[in-house]
Amino acid sequence: MDRGGITIGENTLIAPNVSITTINHDLNPQKRDVTTCQPVKIGANVWIGIGAIILPGITIGDGAIIGAGSVVTKDVAPNAIVVGNPARQVQTVD
């Protein structure tokens, strides 16, 4: 679902069943038939674990790790390790 654009940096690893989406719908039910798009930017040397979900408008910094099954709802800092639903930072890469 790349209508908004997806940028992926060099040496980034993306496991199976990862969803990266740039499309969303309005919260107002009368406007829900209109889609909005926001780009997703994934830095270099990122590792995205199996089954992770990256929502529209997210930026993932260089060297970050996204844990398996995580739902990324906010930007991820460079070298951060995030896990969970919603994904939260648990440590940084040394």
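Visitor: What share of the contacts with a separation of 6 or more comes from residues 24 or more positions apart?
Guide: In the protein chain, that share is 27%. Keep in mind that this is a predicted model.

Visitor: How many helices and strands are there?
Guide: The protein chain has zero helices and 13 strands.

Visitor: Why does the radius of gyration agree with a compact globule?
Guide: A compact globule of 94 residues would have a radius of gyration near 12 Å, and the protein chain has 13 Å, so the two agree.

Visitor: And what does the C-alpha trace span along its principal axes?
Guide: About 50 × 25 × 20 Å.

Visitor: What percentage of the residues is buried?
Guide: Buried residues are 31% of the 94 in the protein chain.

Visitor: What about the accessible surface, how much is there?
Guide: The protein chain has about 5,700 Å² of accessible surface. Carbon and sulfur atoms hold 52% of that area.

Visitor: Switching to charges. How many positive and negative side chains are there?
Guide: There are 6 positive and 7 negative side chains. The centres of those two sets are 11 Å apart.

Visitor: Back to strands. What holds paired strands together in a sheet?
Guide: Strands of a sheet pair through backbone hydrogen bonds, in a parallel or an antiparallel way.

Visitor: In what order do the strands of the five-strand sheet come?
Guide: The order is S2-S7-S10-S12-S13. This sheet is open, and its pairing is mixed.

Visitor: Which strands stand at its edges?
Guide: S2, residues 13-14, and S13 do. Each has a single partner strand, so one side of each has no neighbour in the sheet.

Visitor: How do S10 and S12 pair, parallel or antiparallel?
Guide: Parallel, over two bridges. S10 covers residues 65-66, and S12 covers residues 80-83. Ile-66 has Val-82 of S12 as its bridge partner.

Visitor: And S12 with S13, parallel or antiparallel?
Guide: Antiparallel, over four bridges. S13 runs over residues 88-92. Here Val-82 has Gln-89 of S13 as its bridge partner. Val-83 stands opposite Arg-88 in S13.

Visitor: What do S12 and S13 form?
Guide: They form a hairpin, with four residues between the two strands. Gly-84 sits in the turn and has a positive phi of about 100°.

Visitor: Where do side chains point in a regular strand?
Guide: They alternate between the two faces of the sheet.

Visitor: Where is Val-93 found?
Guide: Val-93 is in the segment after S13. Its relative accessibility is 33%, so Val-93 counts as partly exposed.

Visitor: Which residues is Val-93 in contact with, leaving aside neighbours within four places in sequence?
Guide: Gly-63, Ile-65, Asn-79 and Ile-81. Val-93 and Ala-80 are 13 residues apart in sequence, and their C-alpha atoms are 6.2 Å apart in space.

Visitor: Now the sheet of three strands. What is the order there?
Guide: S3-S8-S11. That sheet is open, and the pairing is parallel. S3 (19-20) and S11 (71-72) are the edge strands with a single partner each, so one side of each lacks a neighbour in the sheet.

Visitor: How many bridges link S3 and S8?
Guide: Two, in the parallel sense, with S8 spanning residues 53-54. Ile-20 has Ile-54 of S8 as its bridge partner.

Visitor: Last one: which strand holds Cys-37?
Guide: Cys-37 is in S5, residues 35-37. Its relative accessibility is 32%, so Cys-37 counts as partly exposed.

Visitor: What does Cys-37 touch, not counting residues up to four places away in sequence?
Guide: Arg-3, Gly-4, Thr-22 and Ile-23. Cys-37 and Pro-56 are 19 residues apart in sequence and 7.0 Å apart in space, C-alpha to C-alpha.

Conventions: Residues numbered from 1 in each chain as written. Predicted model: local features only at pLDDT ≥ 70, side-chain atom pairs only at ≥ 80, totals over all residues. Heavy atoms only, no water. Pairing = 2+ DSSP bridges. Rg over C-alpha atoms; globule rule 2.2 N^0.38 Å. Buried < 20%, exposed > 50% of the residue type's maximum accessible area, 1.4 Å probe, protein only. Contact = heavy atoms within 4.5 Å. Areas by Shrake-Rupley, 256 points an atom, 1.4 Å probe, with all protein chains shown as cover. Lys, Arg positive; Asp, Glu negative; His and termini not counted. Charge placed at Lys NZ, Arg CZ, Asp CG, Glu CD.
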